[in-house]
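Reader: I'm new to this. Can you walk me through how to read strands and their partners?
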Amino acid sequence: MYTFISPLLMLLSASALNAQSAGRAGTISGVVSDPSGGVVAGAKVAIQNRVTGYLKDSVTDESGNYRFTEVPPNNYHLMVSAGGFQTDQEDVVVRTAVPITLNIALNVATEVTSVDVHSDVNDLLESVPTAHMDMDASTFASLPLSNPGNGLNETLTYTPGVVKDSNGMGHPQGDHGEIGLQVDNQPITDQQSKQFSTSMPVNAIQSMEVISGAPPAEFGDKGSLVVNASTKSALGAAKPFGGLSLNYGSFGTYGENFSYGAGNAKFGNFLVANAVRSGRYLDSPEFSPLHDRGNNETIFDRADFAPNAADTLHLNLFFSRAWFQSPNTYDQQSAGQDQHQQIRSFNIAPGYAHIFGPALVLNISPFFRHDESQYFPSGNAFADLPATVAQNRSLGNLGVKTDLSYVHGIHNVKLGIQVQSTFLTENFNFGITDPAFVDPVQQPGLLLFDLTRGGARFHFRGHTDIKQQAAYLQDAITIRGLTIQAGIRGDNYRGLSGASGIAPRLGASYLFKPTATVIRVAYSRFFETPYNENLILSSATGVGGLAGNTLGAFGAKPLSPGRRNQYNVGIEQGIAKVLVVDASYFWKYTRNAFDFDNLFNSPLAFPIEWRKSKIDGLSARINLTDIHGFSAFSVLAHTRARFFGPENGGLIFNSPISNSVFRIDHDQNFEQTTHLRYQHGKNGPWVAFTWRYDSGLVVGRVPDVESAYGLTGDQQASILFHCGPRFATVSIPVTSCPGGNASSALIRIPPPGRQNDDINPARVTPHHLFDLGAGIDNLFHTERPRFTLQVTAENITNQVALYNFLSTFSGTHFIAPRNYTMEIGMVW
């Protein structure tokens, strides 16, 4: 039974029953007039950002008014044209929810002239202290997004400093899935990858700002990557819009994506309904998927109401259901293992925005979000290897975020509060079914649950309510080319453990216009809370998890919030009016650094904390704006992630844990993604090519060849382990190699005497992946509706490669084999 957090929350929730929040998105409006002051109706108005590809257009009404809402923070170029008048061009910068009024007076055209779009290389640059990347609906449409049921998460792996991992998950700036998401001013800091929940569908997102360094004080908790997203709205839509697409591809994958929006000046409703089914729903522990079917259904609806010019309300509704099998290894498939999982989620997020005047805006955003995850064992417990597992857990968030935005002169001020309760309920049980799994000396705590030795199932049930409060104040001060971003945030956390923290933020950037260069520097303090998924059980196991303890053993303690100091420096350079290069360096030091402990390579994971971590790295983004239909971008990164034991919490079954410094499995020396695209005309045929290179994540389970000899035949065969020309098979492992030349084709194992957990750990072998796509955005050359067709091919060289192998934190997962997808759609 959920209870309200405080009388304040009751009041805010009631007052915003059908609300909308503008969040950080802005509004641009104004009146277009002629030289005498008379209004110009029917004038065409457009705003564009050449770097992100963002483009919106409108037509002035009978009073000469135009209006753009939900405009993401960025620099824009505005153009106004009308018959008989010269085209007017203006630059406008959106940095706040406070509306921007830009009235345009057109001059009468004296002769027929061609229009040259005003272009300055400095228009491509953003002088802000935050390292970030902007993406919108046009960006999403150009990316090869095909991981079924993964929604928004997969897009984030195309941003700088995000190491791509299995199931669409990304490790931002050296941390495990530490991503803070804000959708229309609703904060979401719980895990959104598809084995935990269902993220927002991509076709519901209008735009998003992805901050990888120095986020403003408004953003707390999970801060390694902050995603500030705005959903599509039909408020003010001149005509209905949307689309329907049907797709079919390899592994028996098929699905549909539907959206429909309609509205007017006062009302608007936008609906998304998506469904997908696949025979390779999760990334599998074998190159060829076994027992890997799954399906996902998602509905999102946004309703808007603007009763007058000062008030705007909206209501976001979201529901999803996912059912999928837990992929098997060959050994598990032979035993008849049939484990599967179901996840159901819903979200209710109203919000209210009130404009007090040209400089002051209030946002109130209550929210209620609920995830329920059920994990089912096989009908025969001993068909499950190495253990039979069952779970039924739920996670609910009830809260409100409210803020005031104020703009005056050089100041752009925002202050706000956030209050929420997180309700956790966990039911979990397991029993060991593999007689060879438990080492009585190394894992004495597991003997009690070894069903093959007369043990009993482990049963756990827990419930808790975590209360969090936060307040923040921030100001962006702009003095010509200099921007100073200062803020402070206070957090209070009361759950299984309790702590409070103050988090100051300070950054500065400067634009040197003569050279088209932006330099930036920032310091950030973060107060980080533990992951909520399976937090209760993880907080009861102590150092080493259940492998070394019984539940409630001496030394067991709840996971506690961490503190981080982070430093960022960066440079952004414009080149020849068409190219932008952005490079950043980050260094962060964390006490109580969080990660996950994966259970038996299943989708189940349990949060853990390490004594500290030291992470630094470089990232870069190169963006080529559209040149006669050709565009391109490339992101590059290097991450060094050093963690220090001991560890606390989790279950920890499948690999040794170091009490000294080691490289964790989201450490990668180098990765890069390059995406090229050419399109003939506005909606004509197009081709796209994507190249991704990964130098390889750390493999802690196989530090040396001797460790590889102890693997099962199935495990050795999966990494192509061999002694000279003799490769391991599922039934015949390699247990020795007299010549001393044992090796793996998929893991780079250090030679004897050269292994070092910190300096020279084992890693996944480097690999290149290539994707191709082609299509046409107006198949029959019609105005409305227009029909689209596209074909994509991923991993076209059929590269056999791993994301990770027997990772304590992720399990074993292969990159998808070569696969094809064909999609036909209709857009109106």
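Author: Strands (E, at least two residues) are DSSP runs, numbered from the N terminus, and two strands pair if DSSP finds at least two bridges between them. This is a predicted model, where local features need pLDDT of at least 70 and side-chain atom pairs count only at pLDDT 80 or more, while totals for chains, interfaces and linings use all residues. Residues are numbered from 1 along each chain as its sequence is written, and side-chain values use heavy atoms, leaving out hydrogens and water.

Reader: Which residue stands opposite Gln182 in E13?
Author: Strands of a sheet pair through backbone hydrogen bonds, either parallel or antiparallel. Here, strand E12 (residues 179–183) pairs with E13 in the antiparallel sense over three bridges, and Pro187 in E13 stands opposite Gln182.

Reader: What is the strand order in the open sheet of five strands?
Author: The order is E9-E14-E15-E12-E13, with mixed pairing. E9 (131–136) and E13 (186–188) are the edge strands, each pairing on one side only.

Reader: How many bridges join E25 to strand E26?
Author: There are 13, and the two strands run antiparallel. Gln468 has Tyr493 in E26 as its bridge partner. E25 and E26 form a hairpin with two residues between them, and Arg480 in the turn has a positive phi of about 55°.

Reader: Why does Phe633 count as buried?
Author: Buried means under 20% relative accessible area (1.4 Å probe, protein chains only). Phe633 counts as buried because its relative accessibility is 9%. Phe633 lies in strand E32 (residues 630–649).

Methods: Helices (H or I, at least four residues) and strands (E, at least two) are DSSP runs, numbered from the N terminus. Buried means under 20% relative accessible area, exposed over 50%, partly exposed in between (1.4 Å probe, protein chains only).
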